[in-house]
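Colleague: I am new to this structure and would like to go through a few of its features with you. Could you take me through them one at a time?

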Amino acid sequence: MRRPQPIVLLVVVFLALGAVAQIVPFYTDLLWFEEVGYTGVFWTTLSLQGGLFTAVTLGVLLFLWANLTFAARTAAPDVLWELEDQLGLPGRVVIEPLIRRFLPIVLTVIAVISGLRASVHWEIILAFRNAQPFTTADPVFGRDLGFFVFTLPLWRLVHGWALALVAATMLLTLVLYVLQRSLVLTPRGPRLAGGARTHLLLLGALLLALKGVGFWLDRFEIVFSPRGVVFGGSYTDVNATLPVLGVLTVLAGVAAGACVAQVARSGLRLVAGGVGLLIVVWVVGLGVYPAGLQRFRVSPNELAAERPYIEHNIRMTRQAYGLDRIQEKEFPADESLDARALARNEATIKNIRLWDYRPLLRTFGQLQEIRTYYKFVDVDNDRYRINGEYRQLMLSPRELSYQHLQGGRNWINEHLTYTHGYGVVVGPVTRITAEGLPEFFVKDIPPRSSDGFPAVTRPEIYYGEIANDYVLVRTRSQELDYPRGDQNVYTRYQGQGGIRLTSWLRRLAFATRFAHLEGLKIVLSDDITPESRILMYRTVMPRIQRIAPFFQFDRDPYLVIADDGRLVWMVDGYTTTDRYPYSEPVRGMGNYIRNSVKATVDAYHGTVTFYLADPTDPLVRAYARAFPGLLQPLDRMPADLQRHLRYPEDFFAIQARKYATYHMLDPQVFYNREDLWAIPRRTVEGRDREMEPYYTIMRLPGESHEEFILLTLFNPSRRDNMIGWLAARSDPPNYGRLIAYNFPKQKLVYGPRQIDARIDQDPVISQQLSLWNQRGSTVIRGSLLAIPLDQSLIYVQPLYLAASEQGALPELRRVIVAHGNQIAMESTLESSLLRIFGGRLAAAPSQPATAAGPPGTAPPPGGPTSFADRAAAQRAWEAWTRSQEALRRGDWATYGSEQKRLEDALRSLAEPRRPPPRPRVAAIEVRQLSGDADLRTLCAGRRWAVAAGGGRTAFLDREFVYVRARSRREVPRPMKMMLAVQAAIRGGRRSARAKASAT
């Protein structure tokens, strides 16, 4: 018995390893898709890939086998040809046995490689089979846009495969004929056998026919032409390229017919004539003629010639990016903002974001990471209703970083013990402590909630933004839950996620899959039981992309705390294509985008749910038809999660950049770029960057209540002043609506870069910044936010102070406010607003303080109660505090300037004021009314109305009692009024009648 040759054994081993390499991922992925409940997606995708692989492999194999077998069996007509061969190849006696032995292997390898390469295009087949109409026609051919998005890509793909197959077959056949001596180069010229000649002519005819089909398909590609003044078919494309491609289609067919006719005739004259004519028309028709038409007909009259095509580009681009849905309004940008306007927009001011995510992330890390293996990797901006008040909050999950494990990175620590992050920190965007640090509604381990924020009942984060490849839960090993003092608290995973390791086969499969990560220990470990589970694809983005790779997803998943205390990740998904006619493309994305999908991932169970957010999108309808059950209606999303849907930032940024150009609807204005806009740029951390869109709670002009808004600004191109702003609404029933507010073009409205320059040029501010940037400290300038209020605009920028050494803790020390030509920098937002607006309306009601100042800046108890007096007192106190700080440092320049400010503030307090003749509102500060320490807690987040008798009504709101009366004399004394208010509040009634003496 003959022993197998070593090469055969190597081939068998190689094939076995290749089979295992395919079977193991297939089996483990199938188990994972069963875990997440999307086996339908798995089998549909696999069937498309398998079907494509099989069809292309068999098609290529059969076509190559038929042609090359025929070529191999075609004998040379004359033995003497071999003697005259000039190439010096081995004889047919040597070559023919090699061809018979290796030809099947070579053809099989080529066919398998072709099938594998073809299987990656399964999405094109899926889209074609589930095509949906757009109900919009393209402007050149009048075809529904679904033809270009769903049908044409498949035709192009099949044509490309067929053309490549015929060309490769023709080349291999030619090589085989040379080896077989059916084609010989002799001193008298090339000699070609009759059978070989016929075969090659027929293949040439097929190749030319396919090229004719290609010319016909190229006609439809002109709607994606980049050669004109705008993207899409230009005058030259439509009037020169399009008709020439039609002619070339006919000529290619004629050339193919000439090849067939040449079979019955000797020589190659017909072929040469047909192919030569095709080449001449090809070169002249697609090269010389369009260039000449462009130069002599279009360029001298470009606007007139290209006007219709510019209109097509504007209309189609606006449709593709949803810009046609933008509502435009005028925004006068008045500088008449006063204290009354601030009072009307109190909720907006109380939600102005003072914490920038960059320094806040560092501060969270220093205050709340607790252990080195916990990390905060991102800060999410969202809104919650707390005690009936709409609040903008910053949230950051405390995730487990495997790179910082205290016990070292070993298999047990990474995969058995440290399995999850724990908890989240939550704080308001505008409130700070006396030390300049953020306040927390949720903090510590275990998480503690305060100020009416819902309790976090399921703080474990098994699925997050950072994770390792896999962990094993429900094992005999202790699983760290959270640290507590010198000891740790351990837990056992009770969630629904993970694949059960019920058999030795499953353990072996996952050990093989993760062999590069010491996966063999999955088989050898005694800690694993039949109840154990393996959790994989634990990072949010790869997890959802693995299920739905045909969607693109927003780069920033954000965390939501549900009403029942669960942590849920929310991600926005997009449908995109680059086949939308005449639409200007975005690099790396395409030229059409819709936010058609919302996805959620439970941080504990790993449950993934996809929701259909835009049923009008034909692309998402096609995927919904292809994968029944994948997308659920949006109204099936739990109500507590629906409240946190927000307009996605990535989508909004793309729309804003396009709108900066495509707000111009007139072709002539568009052609001349007369009104081109740009996103403002600022220097951030030493780099010049576009300003990022930002979320805020505000009341849009003309609306009755505040809502969660995503906002961005616009500058005129190459100018620094502002020209408008764009807002995306996130709250129902207006979710997804875009409004563009245009500023008067004849009026100067300061832009962000100009505000930055004015801040740098302010002598007091620049002096303070220069002083802080010395002696081991660094000033961090936060985001510059433009906040529209009524018909005006204010800018707000926070300033943070941090030590220069590692581990610095950024503290919010100043807030800069700019309005019109006025700039103020104070310790708190309220102080800055009071400094600018406090003197304009003496009797206007005050708003609650948005933050507490640094140590030593709190105003003394008692003092004036009018808005102007309080503003002056606040300025005096802060000036005195800063002067004392400067005195301790020996900074006499600052000391002198602050003493001058103190003098001015005291003089304004000392000057007599005539009271208004008929004041209608007076503000009494709560802390001046009673020693009851619980009063502010009692009032937090509520607005109480108390009838005080005699037509007087008192409104208690957090820190102030607003008393409305016919005259100042009718306002009750504070203590008497307070007694009535306290009685009403403690009675538990939102509105109650009580009598209060006016004496």
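Modeller: What follows is a short exchange on helix packing, cavities and salt bridges. This is a predicted model, in which local features need pLDDT of at least 70 and side-chain atom pairs count only at pLDDT 80 or more, while totals for chains, interfaces and linings use all residues. Residues are numbered from 1 along each chain as its sequence is written, and side-chain values use heavy atoms, with hydrogens and water left out.

Colleague: At what angle do helix H7 and helix H8 pack, and are they roughly parallel or antiparallel to each other?

Modeller: Helices are DSSP runs of H or I with at least four residues, and strands are E runs of at least two, numbered from the N terminus. Axes are lines fitted to C-alpha atoms, for helices over the stretch in contact, and angles run from 0 to 180 degrees between N-to-C directions. The axes of H7 (residues 194-218) and H8 (residues 235-262) lie 8 Å apart, at an angle of about 170°. Angles over 145 degrees count as roughly antiparallel and those under 35 as roughly parallel, with 65 to 115 roughly perpendicular and the rest oblique, and H7 and H8 are therefore roughly antiparallel.

Colleague: How many nonpolar residues has the contact of H7 with H8?

Modeller: Contact means heavy atoms within 4.5 Å, and the residues that make it include Leu201 and Phe215 of H7 and Leu245 and Val260 of H8. Ala, Val, Leu, Ile, Met, Phe, Trp, Tyr, Cys and Pro count as nonpolar, Asp, Glu, Lys and Arg as charged, and the others, Gly among them, as polar. Beside four polar and three charged residues, the nonpolar ones number 13.

Colleague: Which strand gives the most to the lining of the largest cavity?

Modeller: A cavity is a set of points on a 1 Å grid over the protein atoms alone where a 1.4 Å probe fits but cannot get out, and lining residues have an atom within 4 Å of a point. The largest cavity is lined by 14 residues, with Glu335, Val749, Tyr750, Leu793 and Gly820 nearest its centre. Strands E33 (792-803) and E34 (811-819) are the elements that give two or more residues to this lining. With three residues, the strand that gives the most is E33.

Colleague: Which residue meets Arg156 in a salt bridge?

Modeller: A salt bridge is a side-chain nitrogen of Lys or Arg within 4 Å of a carboxyl oxygen of Asp or Glu, and the structure holds 44 of them. Arg156 lies in helix H6 (residues 145-179), and its partner sits 65 residues away in the loop between H7 and H8. At 3.8 Å, N to O, that partner is Glu221.

Technical notes: 1 Å grid on protein atoms, 1.4 Å probe; cavity = no way out; pocket = protein on both sides within 12 Å on 5 of 7 lines; lining within 4 Å.
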